[in-house]
Amino acid sequence: MSLLNEILEYNKTFTEEKLYEAYTTTKFPDKKLVILTCMDTRLVELLHKAMNMKNGDVKVVKNAGAILTHPFGSIMRSLLIAVYELKADEVYVIGHHDCGMSAIESDQVLEKMKLRGIKQETLDIVQNAGIDLDEWLTGFDSVEESVEHSVNMIRNHPLMANDIPVHGLVIDPATGKLDLVVNGYENVKNNQPT
């Protein structure tokens, strides 16, 4: 049986037996916060448990490394929508120790792409279109510095409300221990109209 068929078969039982009722909530986060975190499999449930969050408490945006690389990309758009449309009053950037992005080297990723059928011609076209693949595919050396960088991009974004605290933390993916990198309450700017 394929994984897709297995998922669909389980989903049929899930819906028919109304197992979804245990997860019923609204689209608004009960604890009024949004988290940018890594897509690491170890964090799927651990992060929520380590923060005492349950279904419905929080909006979660995930990507590789919890890295905000573009001020007007989809990650930033999601954070802004969480604040302005979905009633989030705080932003948390949570990276983790032993992150795969700390070991990523662009040349290795590019080689793996070629082994999976991506032609050098395609890579050249992307490069010639102005995308620096080496920079785009490179990870980070320090998770704390990466978290601080993302916090600063969010906090200083021209469209982010000045009164939104933006916190930075690092979680241990084995124990769930959280280490504070940036206390967003200390950096909230007075919300003064311009």
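Analyst: In this predicted model, the protein has 19 positive charges (Lys and Arg) and 29 negative ones (Asp and Glu), with His and the chain ends not counted. Their mean positions lie 7 Å apart, each charge being placed at NZ of Lys, CZ of Arg, CG of Asp or CD of Glu.

Now the surface. The protein exposes about 12400 Å² (Shrake-Rupley method, 1.4 Å probe). Carbon and sulfur atoms supply 53% of that area.

Here is the part to look at. Val126, Ile131 and Trp136 form a nonpolar patch on the surface. Together these three residues have about 300 Å² of accessible area.

Zoom in on Ile131. Ile131 sits in the loop between α5 (120–128) and α6 (133–136).

Now step back. The protein has 7 helices (DSSP H or I, at least four residues) and 5 strands (E, at least two). From the N terminus, the order is α-β-α-β-α-β-α-α-α-α-β-β. The C-alpha trace spans about 55 × 50 × 35 Å along its principal axes. Of the 194 residues, 36% are buried (under 20% relative accessible area).

Residues are numbered from 1 along each chain, and side-chain values use heavy atoms, without hydrogens or water. Local features need pLDDT of at least 70, side-chain atom pairs count only at 80 or more, and totals for chains, interfaces and linings use all residues.

Methods: Buried means under 20% relative accessible area, exposed over 50%, partly exposed in between (1.4 Å probe, protein chains only). Patches are made of residues with over 30% relative accessible area and no salt bridge: like charges are joined within 9 Å, nonpolar side chains (Val, Leu, Ile, Met, Phe, Trp, Tyr) within 5 Å. A salt bridge is a side-chain nitrogen of Lys or Arg within 4 Å of a carboxyl oxygen of Asp or Glu.
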